[in-house]
Amino acid sequence: MIETLREAGLDDYEAKVYLALLEKGSMTKTPLIKHAGISPSKVYEVVDKLSKKGLVSIVVRNKVKTFTAAAPIKIKEYLESKKRSIALAEENVESI
């Protein structure tokens, strides 16, 4: 599954975090670090990147951040968005 996520444009850290959240549901930082097997210093950076891609949501309750994976269909939507961006870029290059 990680290989499939890499092919979709996620790096190793993003794939591990997304899968951990998909498997376990919502998690805070410490359980996510343990389940995904990533360093504490990377977790917020990775979650932020996934959030910008629309693949993870972040909710703050009582000053605690909780992370939740978006449904797998969001990966398909993310890829379609990237394809549209590439097509637009190609059109712009052709018009020059």
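This is a predicted model: local features need pLDDT of at least 70, side-chain atom pairs count only at pLDDT 80 or more; totals for chains, interfaces and linings use all residues.
Local features need pLDDT of at least 70, side-chain atom pairs count only at pLDDT 80 or more, and totals for chains, interfaces and linings use all residues. Residues are numbered from 1 along each chain as its sequence is written, and side-chain values use heavy atoms, with hydrogens and water left out.

**View 1. Overview of the chain and its elements.** The chain holds five helices and two strands, which follow the order α-α-α-α-β-β-α from the N terminus. Helices (H or I, at least four residues) and strands (E, at least two) are DSSP runs, numbered from the N terminus. Along the principal axes, the C-alpha atoms fill a box of roughly 50 × 30 × 25 Å. Of the 96 residues in the chain, 29% are buried; buried means under 20% relative accessible area, exposed over 50%, and partly exposed in between (1.4 Å probe, protein chains only). The chain exposes about 6,200 Å², and carbon and sulfur atoms supply 54% of this area, as computed by the Shrake-Rupley method with a 1.4 Å probe.

**View 2. Packing of helix α2 against helix α3.** The axes of α2 (residues 12-24) and α3 (residues 29-36) come within 9 Å and cross at roughly 110 degrees. Axes are lines fitted to C-alpha atoms, for helices over the stretch in contact, and angles run from 0 to 180 degrees between N-to-C directions. On the α2 side, the contact is made by Lys 16, Val 17, Ala 20, Leu 21, Glu 23 and Lys 24, and on the α3 side by Leu 32, His 35 and Ala 36. Contact means heavy atoms within 4.5 Å. The residues of this contact divide into five nonpolar, one polar and three charged; Ala, Val, Leu, Ile, Met, Phe, Trp, Tyr, Cys and Pro count as nonpolar, Asp, Glu, Lys and Arg as charged, and the others, Gly among them, as polar.

**View 3. Surroundings of Glu 14.** Glu 14 lies in helix α2 and is buried, with a relative accessible area of 1%. Leaving aside residues up to four places away in sequence, Glu 14 touches Gly 9, Val 46, Lys 49, Leu 50 and Lys 53.

**View 4. Surroundings of Thr 66.** Thr 66 belongs to strand β2 (residues 64-69). Thr 66 is buried, with a relative accessible area of 14%. Residues up to four places away in sequence again not being counted, Thr 66 touches Ser 26, Met 27, Thr 28, Ser 57, Ile 58 and Val 59.
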